[in-house]
Amino acid sequence: MRKAAAICGLALAAMAPAVASAADNTIIVGVSDKGLASKALAAGDYQVAARRLEALRSDFPDDPARLINLGNAYAGMGKAKAARNAYQAARFAPDAVLVTADGQEGSSREIARKAIGRLQTSYAMR
C-alpha cells in the first residue's frame, strides 16, 4: 500500500494555479487522473471530483492521496466539515511520500496537517 501511495502521489505541477476560491493553495496529488480526480480538481469541478473519489472508498479506503484530494474537493464545494474529516482521515492513514503540485516531496500526514491549517485559515477569513 505504501509503495502504491507513493507512486500515486506524484503531482501535476501545472494544476495548482487552477484550483480556486476555498481551495486556493490546495495541494493536488496524482500521477494521472487514475482515481485521484486531479483533472476535475484543477478544473474546479469539485462535485465530479468528490463523486470519483467517493466511489473509490471501498477499494482504497486508507489511500492518503485519495483522502487529501477528497478533502480538496469538499473544500472547493464549501463543505468545511467534510473536508476536515477527509484530511483527518489522511493524517491517520498509513504514511506515504507524496509529491505536491509545487514539486515538493513530503509525508502524506504532514501534507494533510497543512491542508487542515489552510482550511482553518480560509474559514477564519470569512
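**Figure 1. Surroundings of methionine 77 in the predicted model.** Setting aside neighbours within four places in sequence, methionine 77 is in contact with Tyr46, Gln47 and Ala50. The model shown here and in the other views is predicted. Methionine 77 belongs to the loop between helix α4 and helix α5, the latter formed by residues 80-92. With a relative accessible area of 26%, methionine 77 is partly exposed, because this value falls between the limits of 20% for buried and 50% for exposed residues. Along the chain, methionine 77 and tyrosine 46 are 31 residues apart, yet their C-alpha atoms are separated by 6.1 Å.

**Figure 2. Overview of the chain from which the close-up views are taken.** The protein chain holds six helices and two strands. Read from the N terminus, the order of its elements is α-α-α-α-α-β-β-α. The chain has 126 residues, of which 44% count as buried. Of the contacts between residues at least 6 apart in sequence, 51% join residues at least 24 apart.

**Figure 3. Contact between helices α3 and α4.** Helix α3 covers residues 46-55, and its axis comes within 8 Å of the axis of α4, with a crossing angle of roughly 150°. Angles over 145 degrees count as roughly antiparallel, and the two helices are therefore roughly antiparallel to each other. The crossing of α3 past α4 is left-handed. On the side of α3, the contact is made by Tyr46, Ala49, Ala50, Leu53 and Glu54. The residues contributed by α4 are Arg66, Asn69, Leu70, Asn72, Ala73, Tyr74 and Gly76. Sorted by class, this contact comprises seven nonpolar, three polar and two charged residues.

Figure 4. Which residues of α3 are buried? They are Tyr46, Val48, Ala49, Ala50 and Leu53. These buried residues pack against α4 and against α2, which spans residues 38-42. Leucine 53, located in helix α3, has a relative accessible area of 0% and is therefore buried.

**Figure 5. Arginine 66 in helix α4.** Arginine 66 lies in helix α4. Is arginine 66 buried or exposed? Its relative accessible area is 3%, and arginine 66 is buried. Apart from neighbours within four places in sequence, arginine 66 is in contact with Leu36, Leu53, Glu54, Leu56, Arg57, Phe60 and Pro61.

**Figure 6. Asparagine 72 and its polar contact with tyrosine 87.** Asparagine 72 is placed in helix α4, which comprises residues 64-76. The relative accessibility of asparagine 72 is 1%, so this residue counts as buried. What joins the side chains of asparagine 72 and tyrosine 87? The link is a polar contact of 2.7 Å.

**Figure 7. Contact between helices α4 and α5.** The axes of α4 and α5 come within 8 Å and cross at roughly 165°; the pair is therefore roughly antiparallel. The crossing in which α4 passes α5 is left-handed. By class, the contact has 12 nonpolar and two polar residues, with no charged residues.

**Figure 8. Isoleucine 111 of helix α6 and isoleucine 68.** Isoleucine 111 is found in helix α6, which runs over residues 108-124. Its relative accessibility is 5%, so isoleucine 111 counts as buried. Isoleucine 111 and isoleucine 68 are 43 residues apart in sequence, while their C-alpha atoms are 8.1 Å apart in space.

Note on methods:
Residues are numbered from 1 along each chain as its sequence is written. This is a predicted model: local features need pLDDT of at least 70, side-chain atom pairs count only at pLDDT 80 or more; totals for chains, interfaces and linings use all residues. Side-chain values use heavy atoms; hydrogens and water are left out. Helices (H or I, at least four residues) and strands (E, at least two) are DSSP runs, numbered from the N terminus. Buried means under 20% relative accessible area, exposed over 50%, partly exposed in between (1.4 Å probe, protein chains only). A polar contact is a pair of N or O atoms within 3.5 Å; within protein, one must be able to donate a hydrogen and the other to accept it, and residues adjacent in sequence count only if both atoms are side-chain atoms. Axes are lines fitted to C-alpha atoms, for helices over the stretch in contact, and angles run from 0 to 180 degrees between N-to-C directions. Angles under 35 degrees count as roughly parallel, over 145 as roughly antiparallel, 65 to 115 as roughly perpendicular and the rest as oblique. A crossing is left-handed if the near helix is turned anticlockwise from the far one by less than a right angle, and right-handed if clockwise. Contact means heavy atoms within 4.5 Å. Ala, Val, Leu, Ile, Met, Phe, Trp, Tyr, Cys and Pro count as nonpolar, Asp, Glu, Lys and Arg as charged, and the others, Gly among them, as polar.
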